[in-house]
Amino acid sequence: MSNPKMTQSKIPSSRLARLGKFGGLTAKIVGNMLVDGTKELTQGKKVSRSRLLLTPDNVEHVANQLGHLRGAAMKLGQMLSMDAGELLSPELSHILARLRSDATPMLHKQLKEILDENWGEDWLNRFSHFDLRPFAAASIGQVHLAHLENGKKLAVKIQYPGVRQSIASDIDNVAVLLKLSGLLPKHLEMDKLLEQAKYQLQNEADYQLEADYIAKYQTHINTNEFSLPQVVSELSNKNILVMDFVEGIKIEEAVSYPAEQRNKIVANLIALFLQELFDFRLMQTDPNFANFLYQPHTETIGLLDFGATRAIPETISKGYRSLMNAAVQKDKQAMQVAAKQIGFFGSAIDQSYLDDVLDIFELACEPLRVNQEYDFASSNLATRVKTKGLAIKQQKHQWHTPPVDAVFIHRKIAGIYLLAVKLKAKVNVHSLFQAYVL
């Protein structure tokens with residue numbers, strides 16, 4: 001399970017060290033801009049701040065340094081890419097795409113320091129084996145394979161040093177860099193996004209909260225379709241989360257299995273999404289394929305990583321139930337009322353923009369309207385939704401930040417739809433939605 005090709009890097013853990021990284025990053029970029037700007041002036045060219053800032057060298061340097069800091073830098077990048085989507089410039093999209101990818105793991109020396117501090121210097125005596133090479137590394141922490149003396153196989157999630165303590169300052173510093181570019185959409189409610197990014201990251205950095213979410217899901221999900229990890233509470237704390245190792249193959253590898261199994265996987269995940277939204281009002285909002293495993297012998301889906309779990313407010317849950325019911329009926333007036341209840345539209349909005357957004361909602365609910373198996377692979381639904389989205393891109397003066405809960409809900413269902421296409425699944429989504437028809 002380990003990945004020996006992963007490179008390591010020292011993560012700045014103190015606020016001062018992290019601030020220094022941002023200061024050095026800003027100084028290097030400004031220096032590059034001065035050199036390039038001087039060249040353009042001597043050549044008689046008009047100097048453009050945004051063009052000077054977003055040279056290939058600067059873009060690459062920003063992406064590398066923000067990825068090196070992990071944590072808040074990566075999370076804000078992820079949230080911006082979800083919110084702004086097609087509205088971002090290609091250069092900023094490149095930076096954010098880099099921030100969505102896996103981080104490099106911390107140095108072994110840093111790892112040992114964290115384990116010594118949390119478990120004592122004799123921590124290795126608790127295990128028969130502990131792999132110092134992580135098999136996964138992301139924005140908040142990295143995950144290691146370990147075995148107890150009794151042979152029990154564990155996944156050990158270890159938080160990067162300094163991430164939790166530096167969330168607010170890191171996000172504010174990243175925001176300064178992004179604002180400096182001048183290429184963020186003018187109507188992007190940046191302050192609102194910053195506060196939500198801080199809130200989301202504080203939750204994800206709270207491993208005790210993640211353990212609580214796992215326990216809540218275990219009370220909600222009592223069927224054989226899903227497998228959840230058990231938390232080893234005596235080894236877990238705010239910095240380290242220890243769980244049973246959930247076995248299985250990568251979920252996308254199930255594409256080689258019979259259609260009946262592939263269809264069942266997607267049907268179960270869509271049914272779970274509907275339960276999360278309407279019954280549990282609690283949603284694991286990260287649909288990354290790596291967060292799902294498949295156990296073919298039992299036809300069970302393993303659910304991993306509950307750090308991105310969000311409680312769904314009752315008004316949002318009811319609003320989406322009304323919106324989806326109205327979309328099934330193609331009732332645009334009822335859709336508009338429901339969308340406003342969720343918080344999508346302000347009072348001053350052009351009818352053409354409103355119609356474009358409602359068209360996208362209606363299109364996204366297409367699988368719910370068809371009372372038969374919906375063929376995701378041949379539907380080109382994602383392409384049609386993206387094409388509709390281009391109409392919104394042309395109306396930047398109307399664009400505004402959608403409700404943050406909605407962003408994460410859309411992220412989850414979009415991820416499930418992408419998996420459905422990947423697995424070439426055919427599912428009667430209409431029948432799954434019948435329990436929620438008003």
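This is a predicted model: local features need pLDDT of at least 70, side-chain atom pairs count only at pLDDT 80 or more; totals for chains, interfaces and linings use all residues.
Let us start with the whole chain. It has 438 residues, and 52% of them count as buried. Its secondary structure comes to 18 helices and 13 strands. Among contacts between residues at least 6 apart in sequence, 73% join residues at least 24 apart. The table gathers some values for the protein chain.

| Feature of the protein chain | Value |
|---|---|
| Accessible surface | about 20,200 Å² |
| Share of that surface belonging to carbon and sulfur atoms | 52% |
| Share of residues that count as buried | 52% |

Several residues of α13 are buried, including Y353, L354, V357, L358, I360 and F361. D356 and E362 are on the buried list too, as is L363. As a general point, an α-helix has 3.6 residues a turn, so residues three or four places apart point the same way.

Finally, a look inside. Searching the whole structure turns up two cavities of 30 Å³ or more. The second largest cavity holds about 70 Å³ of space. Which residues line it? They are Y217, L272, E276, Q284, N291, F292, L303, L304, F306 and K412. By type, that lining divides into six nonpolar, two polar and two charged residues.

How values were computed. Residues are numbered from 1 along each chain as its sequence is written. Side-chain values use heavy atoms; hydrogens and water are left out. Helices (H or I, at least four residues) and strands (E, at least two) are DSSP runs, numbered from the N terminus. Buried means under 20% relative accessible area, exposed over 50%, partly exposed in between (1.4 Å probe, protein chains only). Contact means heavy atoms within 4.5 Å. Accessible areas come from the Shrake-Rupley method with a 1.4 Å probe; for residues, only the protein chains shown count as cover. On a 1 Å grid over the protein atoms alone, a cavity is a set of points where a 1.4 Å probe fits but cannot get out, and a pocket is an open set with protein on both sides within 12 Å along at least five of seven lines; lining residues have an atom within 4 Å of a point. Grid points are joined across faces, edges and corners, and a volume is the space filled by probe spheres set on the points. Ala, Val, Leu, Ile, Met, Phe, Trp, Tyr, Cys and Pro count as nonpolar, Asp, Glu, Lys and Arg as charged, and the others, Gly among them, as polar.
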